[in-house]
Amino acid sequence: MNDISVCHFPMSLVLALLFVTGVFLLWRYLPDGRLRRILTGRVLGVIAISLLAFMTAVEGTWGIPLHRSPLLRGAAMLMMFSLEMAIPGNLQGGRVSSALVSHAGMLLLVLGAFWGAPDFVDAQMTVTGDVAGNVAYSAEGRAVTLPFNIRLENFTVDFYDDGISPKQYTSTLDIDGQQFVTSVNHPCCYRGYRVYQYGYDSENGEYAVLKLVRDPWLTMVYAGMLLLATGAFMRLRLDWKSRWLGIALVVTAVLFTAISVARINFGILVPALRSWWFVPHLVMYMIAYSSLALALISGVLSLSLVHSERFGTCAERFGVLSCKLSDTASSLLLLGMLCGAVWAKQAWGDWWTWDTKECWAAVTWLATLIGQHIPSRNRSVTVLVFIVISFIAMQVAWYGVDRLPAAAASLHTYN
């Protein structure tokens, strides 16, 4: 997101602290008035979310690398600014709310991703059993000298019972005289680097391709993810107080989990899909998509009955139900994305790659997030607009990614 060379650690940390301190001082000493209400209100957040959603949709459709442009950096700065200005308002009443936890989590995540990007190292190297090496290469061809030497001791491919479909790729490595094992979804760690099994010699198995990742800001990103997940669960508990509905959701989740686990254990899946993160990722998205579809149906029913004298009360109830289902879908979409991000980090070394499917999944969530920031008195009708937008984005993420121009480089195009 941010590749300005002068902003490497420790300057990146200094700039991050200066930014956070400056925004806090602005909030602390800005006098009451219209400007303060604008800067601390929801409008600024909605603008930031909308800009991010629009640019994410453009990149996810055409593959234009907007995440490297000043436009996205500006949107990220605006997002961080609006989040920090909104957090003090969430503290009113002295109660820890879902909004407070979610805003704090998003702030930590964006701070870590934005200011930590220059310190992120992502390089590949080909290792053999002949000689140890310590030079890897970034995607741009830049040489990265590693603080250790790696040599391949052994490479193996495990197959399913059919003897054709690969089940796992495993490299046994000699790193500075110590033996390490890395395989798909199971990277090894050494001196601040994670070493991933990324490719291999498909003809003779004489070499392996490794991906080496160093991400010193990942702890802040994971802390943000944990707070976001906590805020999402708090929101679900706030929206649904019915015991029977909670039981129904748990039963549905257990059912999907059982099916998913059975597929992982007994089905033939490529190595990257053989991860326990596959289960919650799939479960959260399936329930979220169902909730979003029900929210759309409820919203349409509410709008169609709103002028009916006989069913006026039903229209109001459908409207409330539509908003609740939309909020539920938003929370579950977020949880599904977070599970996918942790899974991607475990499998490929990067929790977000601006892949076309990732982008449109994010657009779906961001549209529901805008609906959450609509004032209560305007929600029933206005939220329906964003439910429709979210539902369309969901169809693109689910069915349409293979047909988008950016899909040629996607890791999520399945046949």
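This is a predicted model: local features need pLDDT of at least 70, side-chain atom pairs count only at pLDDT 80 or more; totals for chains, interfaces and linings use all residues.
Let's start at a pair of strands: β4 (residues 166-175) and β5 (residues 178-183) run antiparallel and are joined by six bridges. Residues are numbered from 1 along each chain as its sequence is written, and side-chain values use heavy atoms, leaving out hydrogens and water.

Within this pairing, Asp174 has Gln179 of β5 as its bridge partner. Two residues lie between the strands of the hairpin. One to look at is Asp176, in the loop between β4 and β5: its phi is positive, about 50°, although Asp176 is not a glycine.

A second hairpin is built from β2 and β3, with five residues between them. Strand β2 (residues 133-137) pairs with strand β3 (residues 143-159) in the antiparallel sense over four bridges, and Tyr137 stands opposite Ala143 in β3. In this turn the positive phi, about 90°, belongs to Gly141.

The structure holds 13 aromatic pairs, where rings of Phe, Tyr and Trp (its six-membered ring) pair if their centres lie within 6.5 Å, and planes under 30 degrees apart count as stacked, over 60 as edge-to-face and the rest as tilted. In one of them, the ring centres of Phe148 and Tyr190 are 5.4 Å apart and the planes stand at 80°, so this pair is edge-to-face. Phe148 sits in strand β3 and Tyr190 in strand β6 (residues 188-190), so the pair links distant parts of the chain, 42 residues apart.

Now for the helices. Two packed helices are described by the angle between their axes and the distance between the axes. Here the axes are lines fitted to C-alpha atoms, for helices over the stretch in contact, and angles run from 0 to 180 degrees between N-to-C directions.

Helix α5 (residues 98-116) and helix α6 (residues 218-239) have axes that come within 7 Å and cross at roughly 155°. That makes α5 roughly antiparallel to α6 (under 35 degrees is roughly parallel, over 145 roughly antiparallel, 65 to 115 roughly perpendicular and the rest oblique). Residues in the contact (heavy atoms within 4.5 Å) include Gly105, Leu108 and Gly112 of α5 and Gly224, Leu228 and Gly231 of α6. By class, there are 15 nonpolar, seven polar and one charged residues in this contact; Ala, Val, Leu, Ile, Met, Phe, Trp, Tyr, Cys and Pro count as nonpolar, Asp, Glu, Lys and Arg as charged, and the others, Gly among them, as polar.

Helix α3 (residues 42-62) packs against helix α10 (residues 356-372) at an angle of about 160°, with the axes 9 Å apart. This makes α3 roughly antiparallel to α10. Among the residues that meet are Val46, Ile49 and Ala53 in α3 and Trp360, Val363 and Leu366 in α10.

One last stop: a cis peptide bond joins Phe9 and Pro10, with omega about 10°.

Note on methods. Two strands pair if DSSP finds at least two bridges between them.
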